[in-house]
2 protein chains.
Amino acid sequence: MASSGEVKAAAAAVQNKKVVLRRHVTGFPTEDDMEITVGTAGLRVPAGLTAVLIKNLYLSCDPWMRGRMTKHEDGGMPPDFVIGEALVNYTVGKVLDSTHPEFNAGDLVWGMSGWEDYTLVTQPEYLYKINHSDLPLSYYTGVLGMPGLTAYAGFFEVGKPKKGDFVFVSAASGAVGQVVGQLAKIAGCYVVGSAGSDEKVSLLKTKFGYDDAFNYKSETDIGAALKRCLPDGIDIYFDSVGGATLDAALLQMRHGGRVAVCGMISQYNLEEPDGLRNLFCIIPKAIRVEGFNVGGWFHVYERFEEEMARYIKEGKVTVVEDVVEGIESAPAALIGLFSGRNVGKQLVAMGP
Amino acid sequence: MASSGEVKAAAAAVQNKKVVLRRHVTGFPTEDDMEITVGTAGLRVPAGLTAVLIKNLYLSCDPWMRGRMTKHEDGGMPPDFVIGEALVNYTVGKVLDSTHPEFNAGDLVWGMSGWEDYTLVTQPEYLYKINHSDLPLSYYTGVLGMPGLTAYAGFFEVGKPKKGDFVFVSAASGAVGQVVGQLAKIAGCYVVGSAGSDEKVSLLKTKFGYDDAFNYKSETDIGAALKRCLPDGIDIYFDSVGGATLDAALLQMRHGGRVAVCGMISQYNLEEPDGLRNLFCIIPKAIRVEGFNVGGWFHVYERFEEEMARYIKEGKVTVVEDVVEGIESAPAALIGLFSGRNVGKQLVAMGP
């Protein structure tokens, strides 16, 4: 997708710092599974190649990267990270050079690139031009990028909300959850979120407009917390965590409810996933449990970008980011996602 | 729903044998949890009551009755069976007397009634007139009744088949499964079934038109059996068993696949359900897992009855029934469902 090989260009080569995978991971990843290496990059697209050379400005840290750190027999889908090469994920960047007709030097873009200073993107079909550079560019790692589109497509297209629906969102202050909650309010729903600290629970209520929220780490019984916050049950559960929270939510779903399953971060670092015990109740209650991934929804990206940019400008959607500075901070920021250390959308600012 | 109390009518009372629940059940039910009692029934609807008096001709034995044998704190939905009263379930019967404008003495009906000779049905909105009495009346406990409608609605409305889809059906020779397989062939799909004996597997291929089938009890690895029979994966899994088969099928689902979950008979007699471990794969593969129950689909019953009767008359749908004679045989027939003793749709013929 993005070649991180040394770029042999006519132009002078510059230093190119990158985050590379040292080994494939099982169980809980550590910073030590990655390292920072320094190579060189040319500042021009090599002759004869159709590609876009990007200077990466912001790196997005996303839970789905965990899956790519493991070695899969079939190569993985999306492909496993390659040992010794820069991690591949969404970034925001500036085009330095392009031989692709749709991109020009100076363009601001977001999309699939590398965790490094400079990436030669050979598949620019996974790059999107930034149409609202009057908003913070970093938003294109979050609310205006993949997590925002995930929230938008998952909530509206999979969840199919109706006004007055009772909505529950896990990982509710995260990059996706904070957007889902605000979209639910825009759609006229009652929305409850769970998060992993009192600080995050407070954010949900004060920043993101959640009607109610609880700290799942301090609840002894998630099912009881759901009954307390949603005594009439749940019409839509937007699930990013799986595991015990999903099991408890299933019991609290209303007839005809929808579970939009976007992620299962509670399970990513387990050698053996938890067993889900309450799926039976989808039969009497005619519940739809639907998995989705943002890859299937880029055809609505343009509509989404316009709508979301308008919400932000109108103050209907608020953003909380957790920004670390410098590529050296990237491995710790990524690992922090899995213990919930981040508050809001985790990203790395690459510096000037 | 159906009052099994003694009917105090002006007409002479007759003997009324019934199957009653002796105790609420946990774990695996036994015949001893039920008993045959003999009461009396009048042959007229008591004065002042709007009801339909039915002589039951065929009793349907269905897995969902298991749930009603357990005591639920909230009374259960549908309601738990009442100790000492006739079990309630679908039957085929003849109207002996009616004070309801839609039913007349002599009508043949199917619907919610009692496991007894005579039932005074006070909620006749759960009774349906039999429009194809040229077909065997017993078919209205199966292919033309609740199981047939379950297959039809679940396959077409939940499964959303497309021509060429790869379909997997568990409990494939049962009342629902045998219909699903034949509907899948009518829809132009490739269909594979699993069942619990070599005899049933043979039936699937010779009687019901399944393209392939396997005996799950003699396979050491259900996942391997699925890979062998459906090497390109599964577009639609029609699930009546849950548990290990569902877990294995999830891994073999294709992108965009649908799991229509109709029942989980493998779980009904467990004190603690098996944990489902592979639900995660619904995210990358964008799979929809949808529970449904026939209660939500009676609005399509008329269309279904016409279409299914035509298929039967055209020889496109074949029926295999497992019929026991006499109400005394009913408890064993019901229990037999849970060990798979029945071959085809299990029902009880009440005799002349």
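Let's start at P78(A), which sits in the loop between helix 1 (65-68) and strand 5 of chain A; helices (H or I, at least four residues) and strands (E, at least two) are DSSP runs, numbered from the N terminus. This is a predicted model, where local features need pLDDT of at least 70, side-chain atom pairs count only at pLDDT 80 or more, and totals for chains, interfaces and linings use all residues. Residues are numbered from 1 along each chain as its sequence is written, chains are lettered from A and ligands numbered from 1 in the order in which they are written, and side-chain values use heavy atoms, leaving out hydrogens and water.

- M77(A) and P78(A) are joined by a cis peptide bond, with omega about 0 degrees.
- Chain B has a cis bond from M77(B) to P78(B), again with omega near 0 degrees, and P78(B) is in the loop between helix 1 (65-68) and strand 5 (88-98) of chain B.
- A171(A) isn't a glycine, yet its phi is positive, near 50 degrees; look for it in the loop between strand 9 (166-169) and helix 3 (177-186) of chain A.
- Why point these out? Because most residues other than glycine have a negative phi, and most peptide bonds are trans.

**The annotated domain**

- The UniProt record (an unreviewed entry) puts "domain: Enoyl reductase (ER)" at residues 39-348 of chain A; such annotations may be inferred rather than shown by experiment.
- Over residues 39-348, chain A is 24% helix and 26% strand, and the end C-alpha atoms are 20 Å apart.

**Where the two chains meet**

- The contact (heavy atoms within 4.5 Å) takes 26 residues from chain B and 26 residues from chain A.
- Together the chains bury about 2,100 Å², 63% of it on carbon and sulfur atoms; buried area is the accessible area (1.4 Å probe) that two parts lose on being put together, summed over both.
- On the chain B side, R277(B), L279(B) and I283(B) lose the most area to chain A, together 27% of what that side buries.
- Which strands pair up across the chains? Strand 14 (residues 288-291) of chain A runs antiparallel to strand 14 of chain B, and 3 bridges join them; two strands pair if DSSP finds at least two bridges between them.
- In that pairing, V289(A) stands opposite V289(B).

**Salt bridges**

- A salt bridge is a side-chain nitrogen of Lys or Arg within 4 Å of a carboxyl oxygen of Asp or Glu, and the whole structure has 38 of them over all chains.
- D97(A) forms one with R44(A), their closest N and O atoms being 3.2 Å apart.
- That pair links distant parts of the chain, 53 residues apart: D97(A) is in strand 5 (residues 88-98) of chain A, and R44(A) is in the loop between strand 3 (34-42) and strand 4 (52-60).
- Between chain B and chain A the count is 1 salt bridge, where the side chains of R277(B) and E272(A) meet (4.0 Å, N to O).
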